[in-house]
Structures are given as structure tokens and as C-alpha cells.
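Colleague: I'm new to reading structures. Please take me through one, feature by feature.

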Amino acid sequence: MAGAPFDDRDGFIWYDGALVPWRDAKVHVLTHALHYASCVFEGERVYGGLVFKLREHSQRLADSANILGFELPVSVDEVEDATRAVVEANGIVDGYVRPLAWRGSEMMGVAAQGSKIHVAIACWLWPSYFSPEAKLKGLRLAISDWRRPAPDTAPTASKAAGLYMICTLSKHKAEAAGYDDALMFDYRGQVAEATGANIFFVKDGKLHTPKPDCFLDGITRRTVIDLARMHGIEVVERAIQPAEMEGFEQAFLTGTAAEVTPLREIGPYNFEVGTVTKTLMETYENLVRGRLRD
Ligand code: PMP
């Protein structure tokens, strides 16, 4: 992404209880999280100065930490207050928020029970994850060689940094081949999700989406399911085999950053940007902009 590097910007980052100048929010190289991936994080969007679904995201940060075996040193209420404070301090009206929690540098080795838990929250201007043109025409997804791990192989319900290793590899390979992103299958070979977003398909006016039993049950995913039902659109959560994509008419991604983004291609399969997708894009936009009752 173009622009100033993320460690060299003006503004403030909330770091272990205080707002610190952006460039001072540092960690030591002997930080457990950096060596052993003991880090969890969130991605949130600010619309018109308000963080959308702040409670859900703050709670998920605490839950993700618990899944990795540590407790946040602050309450969920305090995370919320800190988030509002950092958004305000940076004057962000439409942007992105990145809270994270990680094990520090008191112990260096696989075991690190005694390490201090740190929490930081940063935010920045970030109008759109995919380009407006791609959002209009639909994205092109490659199919990744990497598979989402089984729930007894990795802590898949946590938004843990370590789970993104295969996402970065998948997205780099897809982009190198000219695609926008990649679709990942799971350990059983079923359709799972993209590298940073959940996936939905449309067939005969109904939505079909994989059951989130080995990947993140996105907050946007759950929101879009509610919106679809509000529109009287049936939603089927089930195992989806790759070959079924042949018969699906529309496909779209959901995520805090991706919002509702249509797909036009996944590997050999083609989709249209149809009415159901457009309706949900518009309703989601209305909801986050406060033009619809939550
Ligand atoms: N899956 C992955 C791997 C993600 O990174 C995200 C983005 N957080 C999602 C799904 C969607 O989650 P949410 O709607 O809560 O942002």
C-alpha cells in the first residue's frame, strides 16, 4: 500500500494505558509475540466518527487472548474507552482501527507464562480495502494451495496473528498472478474463506455460506446474515464443496475492511454482480452509515 510507512506517521497510539506519540509506540526485538506469534488483534472501521460494532470487536479481542491462554490487563469497557479516545485524538472520521494484545519480553522461549501482556490501539484513515472499480465490477480470486487448519491443529476461533501466515502467502501468490485475492479451502477440502474476509454465494435467490467451524465467524458475516433475513432472503449455512461453485450465480466477500464486495471470478468459476449482492451492499452501507436501525 502506498503512503508513509506505518512506523513513521504523525498522531497518537494508545499504548498500555496512555496515548503516546505515534513514532514512540515501539516493541523490543526480544518480544515473545514476534518470535512465537503470541499476538491477537482486531480490525475495526470508523464511520462518521463512530466505530461500527465496537462492543463485538472489543469482546472478540478479549476472547481471542483467552483462547491463546492470556488475559487482557484491561476490561472490555476500558478497551472501548481507549478506542474512542484514540479515534478522537487522531481526528479520524472515516478510518480503520487496529487494536492488538501480545506477550512481552520478560521470558524468551516457547513457555512464557510470566510475560507481561501489552495492549495497543492504533487508527488511521483508510477509505477502502479494495479499489472502488473492483468493488463495482467484482473481484477476481485465485484458489490458494493453502488450507485453513482444523480446529485441533490451530486455535482457529481466535483472531490470532499466527493464523495469517498462510493468508499472506496466499495473497502474495494471487497478486503476483494478477488476482485481487485468494479463496482458501479448509483441511477437508471444503470452501472456507478469503485471506481476510468471509464468503457468500447466491443461488436461486438464496444465500449459501460455509459454516465457520474452522475459521473466523466474522462480525460482518453475522451482520450480513441478519440483513439478508431482514430482506426475507433465506440463508443456508452449510458445508460447501468446491465443485458447487459451478452452479452459483453470485458470490461476495464480507469483512470489516472488505465490507460487502462482489466477486466476478474464483479460479475457473464466473459470477455476475447481481441483485441480491447489490441489495446487501447497499443495506450494509446504510447500516454502517447509521441510515438503518441496527
Ligand atoms: N476471516 C478473516 C481471516 C479475517 O481476517 C476477517 C477480518 N477480520 C474476517 C474473516 C471477517 O471478519 P469481520 O467481519 O469480523 O471483520
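This is a predicted model: local features need pLDDT of at least 70, side-chain atom pairs count only at pLDDT 80 or more; totals for chains, interfaces and linings use all residues.

Colleague: Let's start with one residue. Which residues does Thr83 touch?

Modeller: A contact means heavy atoms within 4.5 Å. Not counting residues up to four places away in sequence, Thr83 touches Glu44, Val51, Leu54, Val97 and Ile121. Residues are numbered from 1 along each chain as its sequence is written, and side-chain values use heavy atoms, with hydrogens and water left out.

Colleague: Got it. Where is the place of Thr83?

Modeller: Helices (H or I, at least four residues) and strands (E, at least two) are DSSP runs, numbered from the N terminus. Thr83 has its place in helix α3, residues 76-89.

Colleague: And is Thr83 buried or exposed?

Modeller: We call a residue buried under 20% relative accessible area, exposed over 50%, and partly exposed in between (1.4 Å probe, protein chains only). Thr83 counts as buried because its relative accessibility is 0%. Its side chain has a polar atom 2.7 Å from the backbone oxygen of Val79.

Colleague: Now a strand residue, please. Which side chain does a polar contact join to that of His118?

Modeller: A polar contact is a pair of N or O atoms within 3.5 Å; within protein, one must be able to donate a hydrogen and the other to accept it, and residues adjacent in sequence count only if both atoms are side-chain atoms. For His118 the partner is Asp16, with a polar contact of 2.6 Å between the two side chains. You'll find His118 in strand β7, residues 117-125. His118 is buried, at 13% relative accessibility. Leaving aside neighbours within four places in sequence, the contacts of His118 include Tyr15, Leu100 and Trp102.

Colleague: Next, a whole helix. How far apart are the end C-alpha atoms of α7?

Modeller: The expected span of a helix is 1.5 Å times one less than its number of residues. Helix α7 (residues 275-288) has 14 residues and should span 20 Å; its end C-alpha atoms are 20 Å apart, so the two agree.

Colleague: Which residues of α7 are buried?

Modeller: They are Val276, Thr277, Leu280, Thr283, Tyr284, Leu287 and Val288. These residues cover an arc of only 135° around the axis, which puts them on the same side of α7. The arc is that of the directions from the helix axis to the C-beta atoms. Here's the general idea: an α-helix has 3.6 residues a turn, so residues three or four places apart point the same way.

Colleague: What covers that buried side, and what is on the face turned away from it?

Modeller: Among the elements covering the buried residues of α7 are β4 (44-47), β11 (198-203), α6 (219-230) and β15 (259-266). The face turned away carries the exposed residues Thr275 and Glu282. After α7 comes Gly290, whose phi is positive, near 75°.

Colleague: How many disulfides does a search of the whole structure find?

Modeller: A disulfide is a pair of cysteine sulfur atoms within 2.5 Å. The search finds zero. For Cys39, the nearest cysteine sulfur is that of Cys167, 14 Å away. For Cys167, it is that of Cys214, 12 Å away. Cys39 is buried, with a relative accessible area of 11%, and Cys167 is buried too, at 5%.

Colleague: Last stop, the ligand. Which residues come nearest to the ligand?

Modeller: A residue is near a molecule or strand if one of its heavy atoms lies within 4 Å of it. Of the 14 residues around this ligand, Tyr164, Glu193, Ile219, Thr220 and Thr256 come nearest. A polar side-chain atom of Thr220 lies 2.6 Å from an oxygen atom of the ligand. With Ile219, a polar backbone atom is 2.8 Å from a ligand oxygen. The side chain of Arg60 also has an N or O atom 2.9 Å from an oxygen atom of the ligand. Arg60 is one of the buried residues of helix α2, which covers residues 54-67.
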